[in-house]
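Here is a short report on one strand and its surroundings. Please look over the structure first.

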Amino acid sequence: MNRVLWIALALVLCATMPAVALEDLGKAHDFRLRTADGKMFVLSDALENGPILLDFWATWCAPCKVAMPRWAELAERYAEHGVQLVAVSQDDPRSQPKILPYMRSQGFDFPALLDGEKQVGRKFRVSNVPTTFLIAADGTIVTHHVGYREGDERAVEAVLRELLELDPEDGAEH
């Protein structure tokens, strides 16, 4: 088949595929990490309350600081469905004292986990921050997103709405 036909076929296939679909990226690795305020967080325990947006970030990461409020707004919008945001800091131990003051200065009240040795980050194959996972209540990773550009939260919201079995047109705020 010549190149033009391959391109045409690819365009037709892409046009007929759903814009957003739930993926099954496997089960999330369960983990325990201490929070910036000294509590213990266990992923499997938190999933009992509903889906989790698991956001790997760092205080030195400018895109992370833009993305995190967007993820927080998204989690808040769907909180009645049990959606939670959990931030996993990839800051090294020397930078960790900056985490709690930053979270407080932004008015964030979701858990900020300390993964200075990046053990959890490695389990989730995080190579860049920000990297965000949407994990269903049963522990299935349904999507993940690396990096952040304005509007990326809309694509994740569409997957979240599908996960929650909400009408894609009803009530989605942007």
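How many residues of strand 6 (residues 131-135) are buried? Five of its five residues are buried, and the strand is mostly covered. Buried means under 20% relative accessible area, exposed over 50%, and partly exposed in between, with a 1.4 Å probe and protein chains only.

This is a predicted model, in which local features need pLDDT of at least 70, side-chain atom pairs count only at pLDDT 80 or more, and totals for chains, interfaces and linings use all residues. Residues are numbered from 1 along each chain as its sequence is written, and side-chain values use heavy atoms, with hydrogens and water left out.

Strands (E, at least two residues) and helices (H or I, at least four) are DSSP runs, numbered from the N terminus. In a regular strand, side chains alternate between the two faces of the sheet. From strand 6, T131, F133 and I135 point one way. T132 and L134 point the other way.

| Strand 3 (residues 52-57) | antiparallel | five | I52 |

The hairpin of strand 6 and strand 7 has five residues between the strands. There, G139 takes a positive phi near 90°.

I135 also belongs to the largest nonpolar core, which has 49 residues. Such a core is a set of buried Ala, Val, Leu, Ile, Met, Phe, Trp, Tyr and Cys residues joined through side-chain atoms within 4.5 Å. I135 is among the residues with the most contacts inside it, as are F56 and M103. Helix 3 (residues 62-77) gives the most to this core, with seven residues.

Notes. Two strands pair if DSSP finds at least two bridges between them.
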